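Q: I have this one open now and would like to talk it through with you. Could we start with the strands and then move on to the overall fold?

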Amino acid sequence: MSRFDNTDKLFFKYLVKNRGHICEIHQRECPGIGTMHILPKGIYPRLRYSEEAVVLAGWFCSHYWTHHDARNEKAIYAEKRILEIRNYPNWEELKEHLLLVERIAPKNDLKMIAMYLKKELSTLEA
Ligand SMILES: [Zn+2]
């Protein structure tokens, strides 16, 4: 249990509604699909709920490897796909962009974020 559980769940639902229940790395329904942050959310907390800072990805095909072995071919492939998805020529430029997004993003207001996501989800469902 963490204070982010509710908003993390809503954010995942919101992304699935918009992008489909697919692994964006492989463009299919890989096992264990979840929200994968392009930059670590522990270090960059203001990117936690930034749509452009995340992709939906399978845990076993991609996410696990980016966390545990960045030099594994699955992690390398995931990085390559993230650049394609975000349309950036290299990791440095993508990172520079996301760091700017982080710097101008407000501090996470979990109550407001939950309210926003619930509203958006109800609109998308209608
Ligand atoms: Zn996958």
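Q: How many bridges join strand E1 to E2, and do they run parallel or antiparallel?
A: Strand E1 (residues 33-37) is joined to E2 by 5 bridges, and the two run antiparallel; strands pair if DSSP finds at least two bridges between them. This is a predicted model, in which local features need pLDDT of at least 70, side-chain atom pairs count only at pLDDT 80 or more, and totals for chains, interfaces and linings use all residues. Residues are numbered from 1 along each chain as its sequence is written.

Q: Which residue in E2 is the bridge partner of Thr35?
A: Thr35 has Leu56 as its bridge partner in E2.

Q: And is E2 buried or exposed?
A: In strand E2 (residues 54-58), 5 of the 5 residues are buried, so the strand is largely enclosed by the rest of the structure. A residue counts as buried if 20 or more other C-beta atoms, placed from the backbone, lie within 10 Å of its own. Both faces of E2 are covered, with Val54, Leu56 and Gly58 buried on one side and Val55 and Ala57 buried on the other.

Q: Switching to the whole chain, what share of it is buried?
A: Of the 126 residues in the chain, 23% are buried.

Q: What order do the elements come in?
A: From the N terminus they run α-β-β-α-α-α-α, which comes to 5 helices and 2 strands, taken as DSSP runs (helices H or I of at least four residues, strands E of at least two).

Q: What does the C-alpha trace span?
A: Along its principal axes the C-alpha trace spans about 40 × 35 × 30 Å.

How values were computed
Buried ≥ 20, exposed ≤ 12 C-beta atoms within 10 Å, placed from the backbone.
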